[in-house]
Amino acid sequence: MEPTDLNRRAWDEVHRRRADAMAGRLGLPSHVRRALADLSGKRVLNLQSGTGESAAELAELGATVTAVDISPEALAVARERWPSILWIEGDVQALPRELRRGRFDLVYTGDGVLPWLQDLAVWAGGISSALRSGGDLLLYDAHPVAACVDALMHWRDSYFDESLHANVGWSHFDLPGDPAREQKVERHWRLGQIVTALARAGLVVGALEEYPEQQGKS
Ligand SMILES: C[S@@+](CC[C@H](N)C(=O)[O-])C[C@H]1O[C@@H](n2cnc3c(N)ncnc32)[C@H](O)[C@@H]1O
């Protein structure tokens with residue numbers, strides 16, 4: 001099975017229980033909130049939306065939001081909670097044609113999104129084709145170096161390791177109920193690979209900010 005199919009199954013297995021276990025902790029991180037301009041009347045595309053907490057906040061801020069995730073289970077939870085948002089099931093590496101028409105003012109994707117990608121070029125190309133001329137991408141995620149150092153910032157793994165990491169189970173939340181069984185596949189992209197993919201897709205880097213720690217919801 002392809003990594004993306006494995007990941008869909010792994011996320012489907014836990015999304016509903018993760019949304020409950022992480023209630024109050026999901027949504028726009030405070031750094032993102034601060035970076036957002038006025039969203040009134042803006043068209044926003046939220047990629048890898050999960051169970052929709054960030055998309056719902058973007059809508060509360062006045063945006064018309066379309067959200068995409070690969071997991072039907074995540075979208076079922078999101079639709080139950082926020083039926084007025086347009087939730088679309090899809091792979092961000094193969095965005096549906098109707099989203100690639102250069103209509104969005106902002107693409108927001110963040111908080112645990114990059115390790116699930118297999119092909120940065122098609123991902124970046126999809127974002128570029130979704131944005132209107134002059135539109136913005138706001139990408140927020142763990143710094144790639146964070147996956148390679150321990151809590152004391154000592155190197156633990158190679159930053160240049162390009163292998164796929166297959167594993168079962170979750171560390172960023174406690175899963176209630178039966179343990180996870182589905183295998184997921186993650187990959188650690190380097191900062192240079194991410195920025196280069198976006199630049200090659202035609203985006204211009206306006207800012208690249210680094211923070212000492214990943215911040216949770218504001
Ligand atoms: C850590 S969650 C982040 C969700 C959301 N940003 C949040 O803060 O809760 C990663 C999300 O990526 C989704 N995902 C993984 N691979 C994907 C892909 N190829 N296309 C679209 N969504 C994908 C998963 O279903 C999951 O919802």
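Accessible areas in these notes come from the Shrake-Rupley method with a 1.4 Å probe, and for residues only the protein chains shown count as cover. With that settled, I looked up the total: the protein exposes about 11400 Å², and carbon and sulfur atoms supply 50% of it.

**Ground rules**

I am working on a predicted model, where local features need pLDDT of at least 70, side-chain atom pairs count only at pLDDT 80 or more, and totals for chains, interfaces and linings use all residues. Residues are numbered from 1 along each chain as its sequence is written, and side-chain values use heavy atoms, with hydrogens and water left out.

**Overall build**

I counted elements next, taking helices (H or I, at least four residues) and strands (E, at least two) as DSSP runs numbered from the N terminus. The protein has six helices and seven strands. Their order along the sequence is α-α-β-α-β-α-β-β-α-β-β-β-α.

Then I checked the dimensions. The C-alpha trace spans about 45 × 40 × 35 Å along its principal axes. The radius of gyration is taken over C-alpha atoms, and the globule rule is 2.2 Å times the number of residues to the power 0.38. For 218 residues a compact globule would come out near 17 Å, and the protein agrees because its own value is 17 Å.

Of the 218 residues, 44% count as buried.

I also asked how far along the chain the contacts reach, a contact being heavy atoms within 4.5 Å. Among contacts between residues at least 6 apart in sequence, 70% join residues at least 24 apart.

**The ligand**

Which residues come nearest to the ligand? For the shell, I call a residue near a molecule or strand if one of its heavy atoms lies within 4 Å of it. There are 19 residues around the ligand, and His15, Asp69, Asp91, Val92 and Gly110 come nearest. Helix H1 (residues 3-21) gives the largest share of the shell, four residues.

I sorted the shell by class, with Ala, Val, Leu, Ile, Met, Phe, Trp, Tyr, Cys and Pro as nonpolar, Asp, Glu, Lys and Arg as charged, and the others, Gly among them, as polar. The tally is five nonpolar, ten polar and four charged residues.

Next came polar contacts (a pair of N or O atoms within 3.5 Å; within protein, one must be able to donate a hydrogen and the other to accept it, and residues adjacent in sequence count only if both atoms are side-chain atoms).

- Aspartate 69 places a polar side-chain atom 2.6 Å from an oxygen atom of the ligand.
- Aspartate 91 places a polar side-chain atom 2.8 Å from a nitrogen atom of the ligand.
- Isoleucine 70 uses a backbone N or O atom, 3.2 Å from a nitrogen atom of the ligand.

Taken alone the ligand exposes 590 Å², and the protein buries 97% of that.

Is histidine 31 buried or exposed? Histidine 31 sits in helix H2 (residues 30-35) and counts as buried because its relative accessibility is 10%. Its C-alpha lies 12 Å from that of alanine 142, 111 residues away in sequence.

Helix H3 (residues 53-60) is mostly covered, with six of its eight residues buried. Those in H3 are Glu53, Ser54, Ala55, Ala56, Glu57 and Leu58. Just after H3, glycine 62 takes a positive phi of about 110°.

**Two loops with positive phi**

Aspartate 111 has phi near 70°, a positive value in a residue other than glycine. I found aspartate 111 in the loop between strand E4 (104-110) and helix H5 (120-130), partly exposed at 33% relative accessibility.

Methionine 153 has phi near 65°, again positive in a residue other than glycine. Its loop runs between strand E5 (131-140) and strand E6 (165-168), and methionine 153 is exposed, with a relative accessible area of 61%.

**Around H6**

Glutamine 193 belongs to helix H6 (residues 191-200). Leaving out residues up to four places away in sequence, glutamine 193 touches Leu120, Glu162 and Arg187. Its side chain makes a polar contact of 3.3 Å with that of glutamate 162.

Leucine 208 follows in the segment after H6 and is partly exposed at 44% relative accessibility. Leucine 6 is 202 residues away along the chain, with 31 Å between the two C-alpha atoms.

Key. Buried < 20%, exposed > 50% of the residue type's maximum accessible area, 1.4 Å probe, protein only.
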